[in-house]
Amino acid sequence: MDSFAALAHGMAIAVQPMNLLYALIGVFLGTAVGVLPGIGPALTVALLLPVTYKLDPGGSLIMFAGIYYGGMYGGSTTAILINTPGESASMATALEGNKMAKAGRGGPALATSAIGSFVAGTIATLGLAFLAPWLVDVAVRFGPEDYFALMCLAFVTVSATFGDSPVRGLTSLFIGLTLGLIGIDKLTGQARLAFGIPELLDGVEVTTLAVGLFAVGEALYVASRRHHAEEKLEPVRGSLWMTKEDWKRSWKPWLRGTLFGFPIGALPAGGAEIPTFLSYSTEKRLAKHPEEFGKGAIEGVAGPEAANNASAAGTLVPLLTLGLPTSATAAMMLAGFQQYGLNPGPLLFAERPDLVWGLIASLFIANAMLLILNLPLVGLWVKLLAIPQPWLYAGILVFATMGTLAAKPSVVELSMLAGFGVMGFLMRRFDFPIAPVVIGLILGPIAESQLRRALAISLGDPMTLLQSSISAALLGVALIALLAPFVLKGLGRFKANED
Amino acid sequence: MTPDSAPSDLPRGPASRSIDRSGLVIALALAALAAVLVWDASQLQSNTVYGMGPEAMPVVIAVGLGILSIGNLIDALRGNLPARESADPKAVWLILAGLALLIAIIGFGGGFILATTALFVTTSAAFGRRAILADSAIALVMTTLIYLAFDRLLTLSLPAGPLERLL
């Protein structure tokens, strides 16, 4: 099979000493930043993007692989030890893991999450390696109208179908699409929504938006509600190791979690939320002692953590093969590619197989490094968690500013950062989801150019969107996904199951 | 998701059924944004013979925003917005003041270290710290180290001011 050959070739690239070092730095930085409360994997990647600016694309993408998995791992450590899930996908972990930590079983909770992440990440990355070439074969047959339809489907699923409120999700998406319009139109060279400000002609930087929404917005939000109860850091007491009983109770949830996580992550539907909650409720149903759930059941950490990691690897499938980001983190990864002028998709597999397969192979390596590094280093991560809140958020804002200034040293850019911060604060306060804004900004311009290309080929006939059977089918699914939440109230309300 | 923001379609008591003023502002803002998009699109020249010109997509998005403005308006009139917790406006304004200071110092050439030190101290104060001198010292050391690491080691150019030129 050519996946094997390609993967072996990728491995040969990934194990070069410099690349191993990049992966190690990525894993270390990713975990260190991801472990900080309130910082999810998307913000981890956004904050660390400047560190990779001066590297060559290969090294930078390898470091990215490490940051991505490291950020995921760091997030679950935080969820277990202080019950502050950095993202909704870690909520199930926080539910049971924090109870375990309170009961003095923080060590086994961290261990089952680390080993489960490794198992799930490895299986899912293998899945990625074998699924990707096949999807690339399908994707080369896609015309621009099919890509446009696929993006419409992704827009709908990330914003409307699975959120709390389709109206608020779509509002977020359309704000992102509006931001995506800013700048010079690539086909005609005319400036849109620039209002005569030269800095706006290049468009809005994805990193500025993400850092503003996630970092500045989060700092403002947490500061505004500081007087509400503060979360307590649970010390890790007792043994770090899992007992025989823990192993016995963990391995099946790991595998089931992977089975939920990878396929759902790989669909252009986005979000690790659904597989983690599916895994949580499945484990609760199958457990021998369901009464332990809610009081610290190890299955409730093992399953969702595996599902979360498997779906993170799953989202790389549409990202690498179609250039389609379906989560905020994947959108940041796409921004990482774009800073080198690389566009993930079938063409990249053909033109730069060294980059793509080096990245995929590095995911295995990053995963293994995390397993080896993290349990021994858990004491260090706990110290990071203990940074007092004022310094933590002040430091986060300093780093956010630094990243923005390193990308574009201008007052306009900083003002946008502050503006997006206020927007992020208001969106949190009024419960608008944030990921659709980021996805709208990065995917909107791509969708527009695909649509315009399709219409130029068809001499302006919009029926071209329905004449291609792929495009017609995708648009049909998108329409159903858009209307379903309005028709079937209660669909996708997995969050209601939590208590 | 915090447990306090329950799904919006749960039945509520009569108290929350009143009109939500913030919701009205959101709906109005979306409508205004749609209007700006249409106005901006009308300034563009369409010289495309076949297919879409540059003005088509802004109009499509403006229509979407208009519909969503109505959707948000309905939610606001029904009082369907999620419940909000009390917020501390002083903390928010302190951080915003810090960001304004940051922008001003960078704008007037004060350099990275001074600007981010100001941001650090105001943010820390917003989170309840009162030791401004100690925080300033910590911030100066930290931002100087960051400046050195990124400017010298990674050769990313960060804005330089009087302090940076001494290094």
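Guide: In this predicted model, the pairing to examine is the one in which A:V206, A:L209, A:A210 and A:L213 of α9(A) meet A:V437, A:V438, A:L441 and A:I442 of α19(A). Sorted by class, this contact holds eight nonpolar residues, with no polar and no charged ones. The two elements are helix α9, residues 206-224 of chain A, and helix α19, residues 435-457 of chain A. Their axes come within 10 Å and cross at roughly 175°. Because angles over 145 degrees count as roughly antiparallel, α9(A) is roughly antiparallel to α19(A).

Another pairing in chain A may be set beside this one. Helix α1 (residues 2-14) and helix α6 (residues 106-139), both of chain A, pack at an angle of about 120°, and their axes are 10 Å apart. The relation of α1(A) to α6(A) is therefore oblique, and the crossing of these helices is right-handed. On the α1(A) side the contact is made by A:D2, A:S3 and A:L7, and on the α6(A) side by A:A129, A:F130 and A:P133. By class, the contact of α1(A) with α6(A) comprises four nonpolar residues, one polar residue and one charged residue.

To return to the part requested: the contact of α9(A) with α19(A) has eight nonpolar residues and none that are polar or charged, and α9(A) lies roughly antiparallel to α19(A).

Technical notes:
Residues are numbered from 1 along each chain as its sequence is written. Chains are lettered from A and ligands numbered from 1 in the order in which they are written. This is a predicted model: local features need pLDDT of at least 70, side-chain atom pairs count only at pLDDT 80 or more; totals for chains, interfaces and linings use all residues. Axes are lines fitted to C-alpha atoms, for helices over the stretch in contact, and angles run from 0 to 180 degrees between N-to-C directions. Helices (H or I, at least four residues) and strands (E, at least two) are DSSP runs, numbered from the N terminus. Angles under 35 degrees count as roughly parallel, over 145 as roughly antiparallel, 65 to 115 as roughly perpendicular and the rest as oblique. A crossing is left-handed if the near helix is turned anticlockwise from the far one by less than a right angle, and right-handed if clockwise. Two residues are in contact if their C-beta atoms, placed from the backbone, lie within 7 Å. Ala, Val, Leu, Ile, Met, Phe, Trp, Tyr, Cys and Pro count as nonpolar, Asp, Glu, Lys and Arg as charged, and the others, Gly among them, as polar.
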